[in-house]
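Please review the briefing below alongside the model.

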Amino acid sequence: MQELIDKYNIKSNFLIDYFKINASTRLNIEQVKFLKWQEGKFIPPIRRSKYLETYMKEEIENFYTLKQLNLHQTAFCITTKCSLKCKYCNSMMQYFNKDTHKTYSFEGFKTDFDLLIDTVDILRRLVLMGGEPLLNEDFAQIIEYAAQNNKVEHILIHSNATIIPSDEVVEALKKYNKKVFFWLSDYSVNEQLNKRLKIKEIQALLNENNVWHGIRKDHVWMKDFGFNQIPMSDADTIKIRNTCTWSGAWQMLNGTLSHCFKSSAAKELGFKHIGKDDYINLHSLKTKDERRKAIINLYKKNVLQSCKYCYKTSEPVTPGEQCEIGEKCLIN
């Protein structure tokens, strides 16, 4: 490994943020496919680190010799509208209102998706999320279109379990059952939400239709104050970013590709904390080579302005705590 690092003069942040995370995502997808569908090969847990090293070497050679660009994950926020208004939503959906909400039409999604897919060789994981994605009236079409693309290896859908999927969405999930995973968040630990959650009904519907799904119960939410007024030093920013759970959680929203959910929403809302180098407007770049270079450069950046202002804490809060009626959730 060190020989390749020296050969191509790979900086540590690029090694981790691009090569290691690509190899890890690839390995995770392969393990899930075998365990769920008995496809591919069994990878013993004791040999996971060996496979990870092998995949990293392959990713390095593919990048430098084959000029291959693979995205480990990109989320499309297909609507900022949500059926909940969580005070500490770290995707910052609570900051949007009726005047600022963004929702992808099918044609809008198709345009941005095609532009991204044309730019890369592989998209290992596509995440479809919101807000609450089931509020998008074109959701079934979006699933169908994305799942047909051979460059996309796996699709993950996040839902807050407050809305029962339509017949059209269920049919799309059934059709691409081996590629699309429907992930329900279980916020039942928050008694405030129990009357609004439809986990049992949704799970029964998905089981009845043999839809691949799961329920996430291990939510740990931390108090998030949006963005600070004073930036951190570069050294502190790097330290925080190296442990950030959202580092590498790339997102497309309204034609713009950002390095994380929070930064993506803040850019769309016009927050001053987002630097011009923190995101890529794919539509402003005329050629595939320009778009590829921009994505690689964003991967290589070690310090981003949005990270310097990001204000998170380690103070736990109840998942899904709601803004009170009339409460201004803008807390930055």
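The points that follow cover nonpolar cores, a pocket and the cysteines. The model is predicted. Its largest nonpolar core comprises 88 residues, its second largest pocket holds about 170 Å³ of space, and the structure contains 0 disulfides.

**Nonpolar cores**
- Within the largest nonpolar core, the residues that touch the most other members are Phe76, Leu128 and Ile295.
- Helix H3, spanning residues 48-64, gives the most to this core, with 7 residues.
- Leaving aside residues up to four places away in sequence, Phe76 touches Tyr104, Phe109, Asp112, Phe113, Leu116, Leu126, Val127, Leu128, Met129 and Met252.
- Another core, of 9 residues, lies apart from the largest one; Leu156, Trp212, Ala249 and Phe261 are among them.

**Second largest pocket**
- The lining consists of Phe63, Lys67, Gln68, Leu69, Asp289, Arg292, Lys293, Ile296, Asn297 and Lys300.
- By class, the lining residues divide into 5 charged, 3 nonpolar and 2 polar.
- Helix H10 (residues 288-300) gives the most to this lining, with 6 residues.

**Cysteines**
- A disulfide requires sulfur atoms within 2.5 Å; the cysteine sulfur closest to that of Cys244 belongs to Cys310 and is 6.2 Å away, so the distance is too far for a bond.
- Cys244 counts as partly exposed because its relative accessibility is 24%.
- Cys260 is likewise in no disulfide, and the nearest cysteine sulfur, in Cys307, is 6.3 Å away.
- Cys260 is buried, with a relative accessible area of 9%.

Technical notes. Residues are numbered from 1 along each chain as its sequence is written. This is a predicted model: local features need pLDDT of at least 70, side-chain atom pairs count only at pLDDT 80 or more; totals for chains, interfaces and linings use all residues. Side-chain values use heavy atoms; hydrogens and water are left out. A nonpolar core is a set of buried Ala, Val, Leu, Ile, Met, Phe, Trp, Tyr and Cys residues joined through side-chain atoms within 4.5 Å. Buried means under 20% relative accessible area, exposed over 50%, partly exposed in between (1.4 Å probe, protein chains only). Helices (H or I, at least four residues) and strands (E, at least two) are DSSP runs, numbered from the N terminus. Contact means heavy atoms within 4.5 Å. On a 1 Å grid over the protein atoms alone, a cavity is a set of points where a 1.4 Å probe fits but cannot get out, and a pocket is an open set with protein on both sides within 12 Å along at least five of seven lines; lining residues have an atom within 4 Å of a point. Grid points are joined across faces, edges and corners, and a volume is the space filled by probe spheres set on the points. Ala, Val, Leu, Ile, Met, Phe, Trp, Tyr, Cys and Pro count as nonpolar, Asp, Glu, Lys and Arg as charged, and the others, Gly among them, as polar.
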